[in-house]
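Have a look at the structure first, then try each task before you read its solution.

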There are 2 protein chains.
Amino acid sequence: MHRPLLDYICQYSKSFLTIEEEEMITKAFRPKKMRKRQYLLQEGNVSKYTGFIIKGAMRQYYIDEKGLEHVVYLFIENYWATDRESFYNLTPSIYNIEASENTELLIITRAELVELMKKIPALVEMIRVMDDRNAIAMQKRISANISNTAEERYEEFIKNYPHFAQRFPQHQIASFLGIAKETLSRIKRKPSR
Amino acid sequence: MHRPLLDYICQYSKSFLTIEEEEMITKAFRPKKMRKRQYLLQEGNVSKYTGFIIKGAMRQYYIDEKGLEHVVYLFIENYWATDRESFYNLTPSIYNIEASENTELLIITRAELVELMKKIPALVEMIRVMDDRNAIAMQKRISANISNTAEERYEEFIKNYPHFAQRFPQHQIASFLGIAKETLSRIKRKPSR
DNA sequence: GTCGACCGTTGATTTTTGTCGACGGTTTTT
DNA sequence: AAAAACCGTCGACAAAAATCAACGGTCGAC
């Protein structure tokens, strides 16, 4: 079941892994099965693991002072789920990461990951490339948030992430886009052009 | 004039630089002086350089289809100015990076940076740490954008970046926060608590 | 099979924010 | 020194989106 992860590393590092490296990775990333509604991370805890999603879907959200949920990330296969700040600093997180479907993950702790990075250059390179792509994606999301209307943001979301709309309930997508669920419902109803 | 950069690398990589490393860095990062209103990057061009700001201030923005300017980043001393996507992929950028004051930079090309990273581990480590901090900062900005009102976003901005309010005109800060300049003017007028 | 959560939808209304036009005070340019 | 550009502010109004309340459908738990 580690194949998707190994492929992923090769793809993004643009290099090959030796058999020994593959074995080290397979040993370090432990499989974890989660049922729908289980938490990979709960508010107040340290984000102990980074999880690579093999099969399933998750969402990351926080609860504000008024008790309202705000979705900050949606994850499906081949995404990395963790609260980066908490995972790196080992500080308590304000976020929850919850399985939206029954989900299979490969998980690793910070200490294990640091060790593995010392031994496997391709992993370091993969992480660097992911950081870059992630920074670019976040920049685009910020651009959309500061300059587009709710409708434009939704259309862009559907265009860029067509699979997500089928996997997550509509009110969570609305939250992810920063709009009320009723507003999203009305946007979808009205004939776009 | 390279001292701030060398200090910066030591600080974030948590390691020391040898004399030889310092010399390599000093040779690779070239000083560039820019007058207010000059461009480090213009829309349509490749973001050829990454610039480390020694003295001064810059802003990164783009012009939308309606001809309106949207500020996506504000930079002051000890910030890195570049369009990451364009710099990394060598593709044309949609952004402009303009000096808001007379500014002194240290600039480096992608090819030079790649070479330098092969020779200086502390530089690689510094970039990794910066990527982390940057990802965390962007995540917070996204959280604020999807869940806070204009007034809350402004207060958070003032709290987290107190120096910026003095360095940039108010309408640029409004744009950065994703609100109309008139709205920001009204927020400031009204007695906050 | 029934009950209760969850989910999406709709209408009515309120709140927030944007747009437009105008004005006076600076600063910059010529 | 005059002209032009820039900047923040304000009022009136329009548009966008949030909020509140209610309803019917689906699905899972018991």
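A polar side-chain atom of B:His171 lies 3.1 Å from a phosphate oxygen of DNA strand D. Before going on, note that this is a predicted model, where local features need pLDDT of at least 70, side-chain atom pairs count only at pLDDT 80 or more, and totals for chains, interfaces and linings use all residues. Residues are numbered from 1 along each chain as written, chains are lettered from A and ligands numbered from 1 in the order written, and side-chain values use heavy atoms, with hydrogens and water left out.

**Exercise 1.** Find which elements give two or more residues to the surface near DNA strand D.

*Solution.* Start with the phosphate oxygens of DNA strand D: one is 2.7 Å from an N or O atom in the side chain of B:Gln170, and one is 3.0 Å from such an atom of B:Ser185. Next, list the elements: α9 (181–189) of chain A, plus α8 (170–177) and α9 (181–189) of chain B. Helices here are DSSP runs (H or I, at least four residues), and strands are too (E, at least two), numbered from the N terminus. α9(B) gives the most, with four residues.

**Exercise 2.** Work out how many residues surround DNA strand D, and of what class.

*Solution.* Count the residues with a heavy atom within 4 Å of the strand: there are 15, and A:Ala150, A:Thr183, A:Arg186, B:Gln170 and B:Arg186 are the closest. Then sort by class: four nonpolar, six polar and five charged. Nonpolar means Ala, Val, Leu, Ile, Met, Phe, Trp, Tyr, Cys and Pro, charged means Asp, Glu, Lys and Arg, and the others, Gly among them, are polar.

**Exercise 3.** Explain why the pair A:Phe29 and A:Trp80 is called tilted.

*Solution.* First the rule: rings of Phe, Tyr and Trp (its six-membered ring) pair if their centres lie within 6.5 Å; planes under 30 degrees apart are stacked, over 60 edge-to-face, the rest tilted. Now the values: the centres are 6.2 Å apart and the planes at 55°, so the pair is tilted. A:Phe29 and A:Trp80 are 51 residues apart in the chain. Last, check accessibility (buried under 20% relative accessible area, exposed over 50%, partly exposed in between; 1.4 Å probe, protein chains only). A:Phe29 is buried at 1%, while A:Trp80 is partly exposed at 22%.

Notes:
A polar contact is a pair of N or O atoms within 3.5 Å; within protein, one must be able to donate a hydrogen and the other to accept it, and residues adjacent in sequence count only if both atoms are side-chain atoms.
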